[in-house]
Amino acid sequence: MSASAVFVLDLKGKVLICRNYKGETDMSEIDHFLPLLMVQEEEGLLCPVLTHGNVHFLWIKHSNLYLVATTNKNANASLVYAFLYKLVEVFTEYFTELEEESIQDNFVVVYELLDELMDFGFPQTTDSKILQEYITQEGTKLEVTKARVPTTVTNAVSWRSEGIKYKKNEVFIDVIESINVLVNANGTVMSSDIVGSVKLKTMLSGMPELRLGLNDRVLFALTGRDKGKTVSIEDVKFHQCVRLSRFESDRTISFIPPDGESELMSYRINTHVKPLIWIESVVEKFSHSRVEIMVKAKGQFKKQSVANNVEVRIPVPSDADSPKFKTSTGHAKYVPEKNLVVWTIKSFPGGKEFLMRAHFGLPSVENAEMEGKPPITVKFEIPYFTVSGIQVRYMKIIEKSGYQALPWVRYITQSGDYQLRST
């Protein structure tokens, strides 16, 4: 079971627009939502589900709006919340900003979208690219571009239109991994993991069937092959186009792709990661009037690789002034409004080591001891490299017309939440 009705309210609880999908709950029940919410806020017991009698309100807040679904049944709450967040995503793609004004200015389009996104309380077409084929926005007018119902509404492949044609058939695959690392003041890695995603840019004619092969440890164990480096992929989340039953039975990633750009899958790898850029810092204070900071950065990745647009952010006392810098490479600048020195290195080859020295005047060094010591953070991007070792082994493209298509693969590793605490 899903939602009986969906409402969009302003912060005062006034209904801007609503859609009654099943007629199971009295629409005037929404008047109880904001008073219930305010009581909970006062008691400090804010809950994502509010109840009045036998009616449940499942809600989220976005900008200056509340999006609320009502039901009097034992609804699938995760499905309802996924739908509410999808509403926000679709409205944002249509109107750029989702707020009270954009709802009022595009009332007809919003109502049409509510009509198509859900039917009798169950989510239907939720892909904005498909919706934009037949619900277009022109000022505040609605223009229905097709008199007939598009095939995507009735077709099982609701994320892709029929009749797509390209002169050159290609698929671009980006494997992007973000590294999260926390290092304590003693230089010990306290926590680390890798969050990855496989993104597609699909430029293929017709209705192609794609099969993606990765060096997945479970797959290799199933098939009895154990050659070469394999990766244990966890917390996998797929785009709706992937046939989950096929993946569960034999780990094959089989799908008919959306046209254009999409995220095919995301994953997490919980593993001990050696920090790719290691930072050491020494802070010296002199005679209560100045402080010197020396920072050493070392690339702990293979020499053939290069980290691009590296930013090392070093916190400094809030009353520091008169900055002077020396760097063995790159450029350092003081950002006083954030109490940071930002050391930028455009190109950082693996195995290299660089130094940066900063000198500051410090009028009131006694107060500095009272301040907390924020960590040093690092931002970077390393192309043609994945820290997990994940690889695209193959991409098969099958289409009934039998055309030849080229897959292109690119690997990128970048910093996620990357923090090194200093002494």
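In strand 5, V8 has L67 as its bridge partner, and this pairing belongs to a set of six bridges through which strand 1 and strand 5 (residues 65-71) run antiparallel. On strand 2, the bridge partner of F7 is C18, within an antiparallel pairing of strand 1 and strand 2 (residues 15-20) that extends over five bridges. These assignments are read from a predicted model. The hairpin formed by strand 1 and strand 2 has four residues between the strands, and G13 there adopts a positive phi near 90 degrees.

In a regular strand, side chains alternate between the two faces of the sheet. Strand 1 shows A5, F7 and L9 pointing one way and V6, V8 and D10 pointing the other way, with all of them buried. Because six of the six residues of strand 1 (residues 5-10) are buried, this strand is largely enclosed by the rest of the structure.

Turning to the chain as a whole, there are nine helices and 25 strands, and the C-alpha trace spans about 75 × 60 × 40 Å along its principal axes. Of the 423 residues, 46% are buried, and the accessible surface amounts to about 21800 Å², with 51% of it belonging to carbon and sulfur atoms. Among contacts between residues at least 6 apart in sequence, 69% join residues at least 24 apart.

The average pLDDT of the chain is 87, and 90% of the residues score at least 70. Over residues 139-155, however, the pLDDT is below 50, although this stretch has 30 contacts in the model beyond near neighbours in sequence. Where pLDDT is low, the predicted coordinates should not be read in detail.

The salt bridges in the model come to a count of 15, and the table gives examples.

| D115 | R19 | 2.6 Å |

R19 forms its salt bridge with D115; since R19 lies in strand 2 and D115 in helix 4 (residues 107-117), the pair ties together parts that are 96 residues apart in sequence. R19 is buried, with a relative accessible area of 19%, whereas D115, at 31% relative accessibility, counts as partly exposed.

E89 and K86 are three residues apart in helix 2 (residues 77-95), so about one helical turn separates them. E89 counts as partly exposed at 39% relative accessibility, and K86 likewise counts as partly exposed at 25%.

Elsewhere, salt bridges that share partners join K22, E24 and K73 into one network.

On the surface, F172, L406 and W408 form a nonpolar patch, with about 280 Å² of accessible area together. W408 lies in strand 25 (residues 406-420) and counts as partly exposed, at 42% relative accessibility.

N339 is found in the loop between strand 20 (331-335) and strand 21 (340-349), where this residue is partly exposed, with a relative accessible area of 26%. Leaving aside neighbours within four places in sequence, N339 is in contact with I314, P315, V316, P317 and S318. The C-alpha atoms of N339 and Y384, which are 45 residues apart along the chain, are separated by 34 Å.

Key. Residues are numbered from 1 along each chain as its sequence is written. This is a predicted model: local features need pLDDT of at least 70, side-chain atom pairs count only at pLDDT 80 or more; totals for chains, interfaces and linings use all residues. Side-chain values use heavy atoms; hydrogens and water are left out. Helices (H or I, at least four residues) and strands (E, at least two) are DSSP runs, numbered from the N terminus. Buried means under 20% relative accessible area, exposed over 50%, partly exposed in between (1.4 Å probe, protein chains only). Contact means heavy atoms within 4.5 Å. pLDDT is the predictor's confidence in each residue, from 0 to 100. Patches are made of residues with over 30% relative accessible area and no salt bridge: like charges are joined within 9 Å, nonpolar side chains (Val, Leu, Ile, Met, Phe, Trp, Tyr) within 5 Å. Accessible areas come from the Shrake-Rupley method with a 1.4 Å probe; for residues, only the protein chains shown count as cover. A salt bridge is a side-chain nitrogen of Lys or Arg within 4 Å of a carboxyl oxygen of Asp or Glu. Two strands pair if DSSP finds at least two bridges between them.
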